[in-house]
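Here is a short report for a first look at this structure. Keep the sequence and the 3D view at hand while reading.

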Amino acid sequence: MAQPTDPAPRLQVIGAKAYPGWTPAMVTALARLRESGRKWYSLYDKVCAVENLRWSWHQVAANRGAAGVDGQSVRMFGAQVDRHLAELQRLLAQRRYQPLPVRRHWIRKPGKQGRRPLGIPAVRDRVVQAAVVNVLEPIFEAEFLDCSYGYRPGRSQHQALDRVSAALAQGQTWVVEADIRGCFDNIPQDPLVDAVAERVADGTLLALLRAFLQAGVLEGQDFQPTEAGIPQGAVLSPLLCNIYLHRLDQALTVQGFTLVRYADDFVVLCPSQAAAEAALQAVRQVLAELGLTLSEEKTRIVQVEEASFTFLGYTFYRAWRFPSDRAMQRLRAKLRPVTRRQQPRPLRELVATVNPILRGWGNYFRHGHCQKRFARLDAWVRMRLRSFLRKRKAGGFTHLRWPNAYFAAHGLFSLVAEFCSADPLRRGAAV
């Protein structure tokens with residue numbers, strides 16, 4: 001991949017993230033304009049700036065990803081990066097840039113039946129979208145509330161989970177577990193652009209946003225216009241989702257409810273059943289005003305002393321949180337094809353494939369009462385490996401012929417040994 005020849009971009013650190021093209025004066029203006037309610041003008045030139053496009057390319061290259069409808073991969077773009085960036089800058093500056101349709105790719109829902117659509121923009125469009133995010137994100141980050149955690153600089157899923165645990169410990173044990181029906185697919189585009197326009201008065205930049213939203217979807221040779229929604233998988237989509245749902249954050253916060261939201265996934269924690277019912281009614285009202293609805297079959301009120309609820313892959317029950325049943329199913333679904341019995345390779349190669357999957361999954365789910373579930377998964381993986389060995393060798397009592405120590409000697413990663421042996425919290429009771 002070709003290395004850039006331009007000098008390193010000038011970066012301004014805002015909060016927990018560095019942005020190209022921003023100046024100290026612009027950063028100072030963030031607070032002033034937020035307090036006065038004024039808008040930002042003349043931002044399009046910041047999107048077009050060569051240093052912003054080059055920085056955006058580095059972001060896209062780091063995330064890799066598949067090719068879009070033009071078939072150009074990240075590697076292919078990087079092989080002639082200077083020429084491609086110069087062409088993008090020229091088209092943008094001349095107001096002639098036009099996004100390509102998004103390539104639709106269907107992915108299986110791990111642990112569930114059915115598939116969900118993923119939109120894959122072309123690499124060139126991902127670069128421009130990242131450049132737009134670099135310009136818009138600081139403006140709206142200055143507006144976003146603490147209850148929002150998804151896809152924001154310096155914020156994480158674990159922080160959102162900790163906020164839920166803290167609210168439960170404070171006695172807010174009535175929980176509204178809600179699900180927005182097809183949030184990304186159903187966000188109305190005109191109100192979304194209007195929400196951006198509340199802070200951005202640059203018509204050219206707003207027109208570029210509309211062009212991305214209306215670029216359409218290509219599935220095979222079938223082109224479908226996009227008259228609503230934002231594509232899941234696009235670089236811009238998480239920021240646009242947060243901008244649109246900011247009104248939900250404001251409404252529930254003003255009414256005194258404890259909302260914890262990660263993109264379109266959220267819960268509301270309340271001290272009583274009456275408060276939870278009022279919170280659910282408030283959620284329905286705000287979403288109706290936004291043109292969105294709740295998925296009623298996935299929305300409910302629970303009392304954690306009597307029933308559990310799931311948020312960001314964790315199940316919460318009483319004072320505990322642990323990997324959900326669905327998270328366990330998704331891990332098994334990912335490991336099954338890797339550990340199938342009929343494959344011509346030695347055990348050490350198979351272990352080398354399994355270990356990163358287990359380690360990554362365990363790193364996310366180790367923040368809770370996880371020992372019992374980790375032990376069940378360790379045993380399940382060893383069972384799969386014993387079946388693999390039995391297929392290749394003579395049978396017998398496999399647990400005696402290949403005891404746990406045998407797999408440990410071959411370097412098999414153990415969730416319990418790695419994450420639970422020295423931590424009393426993770427050894428806590430859980431189902």
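## Basis

This is a predicted model, in which local features need pLDDT of at least 70, side-chain atom pairs count only at pLDDT 80 or more, and totals for chains, interfaces and linings use all residues. Residues are numbered from 1 along each chain as its sequence is written, and side-chain values use heavy atoms, leaving out hydrogens and water.

Helices (H or I, at least four residues) and strands (E, at least two) are DSSP runs, numbered from the N terminus.

## Helix H3

H3 has 14 residues. From first C-alpha to last it reaches 20 Å, close to the expected 20 Å (1.5 Å times one less than the number of residues). Just after H3, Arg64 takes a positive phi of about 55°.

Several H3 residues are buried (under 20% relative accessible area, with a 1.4 Å probe and protein chains only). They are Glu51, Asn52, Leu53, Arg54, Ser56, Trp57, Val60 and Ala61. Their cover includes strand E2 (17-20), helices H2 (44-48), H4 (74-79) and H5 (81-93), and H6.

## H3 against H6

The axes of H3 (residues 50-63) and H6 (residues 123-141) come within 8 Å and cross at roughly 115°. Axes are lines fitted to C-alpha atoms, for helices over the stretch in contact, and angles run from 0 to 180 degrees between N-to-C directions.

Contact means heavy atoms within 4.5 Å. On the H3 side, the contact residues include Trp55, Trp57 and Val60. On the H6 side, they include Arg126, Ala130 and Val135. The residues of this contact divide into 9 nonpolar, 4 polar and 1 charged (Ala, Val, Leu, Ile, Met, Phe, Trp, Tyr, Cys and Pro count as nonpolar, Asp, Glu, Lys and Arg as charged, the others, Gly among them, as polar).

## The sheet of 4 strands

This open sheet has the order E8-E9-E5-E10, with antiparallel pairing (two strands pair if DSSP finds at least two bridges between them). E8 (258-262) and E10 (300-303) stand at the edges with a single partner strand each, so one side of each lacks a neighbour in the sheet. The twist averages 20° from one strand to the next.

E5 (residues 174-179) joins E10 through 4 bridges. Val175 stands opposite Val302 in E10. Helix H12 (residues 273-289) lies across E5, E9 and E10, at about 145° to E9.

## The sheet of 3 strands

A second open sheet runs E11-E12-E13, also with antiparallel pairing. Its twist averages 30° from one strand to the next. E12 (residues 314-317) and E13 pair over 4 bridges. Tyr317 stands opposite Trp320 in E13. Helix H7 (residues 157-169) lies across E11, E12 and E13, at about 5° to E12.

Terms used. Buried means under 20% relative accessible area, exposed over 50%, partly exposed in between (1.4 Å probe, protein chains only).
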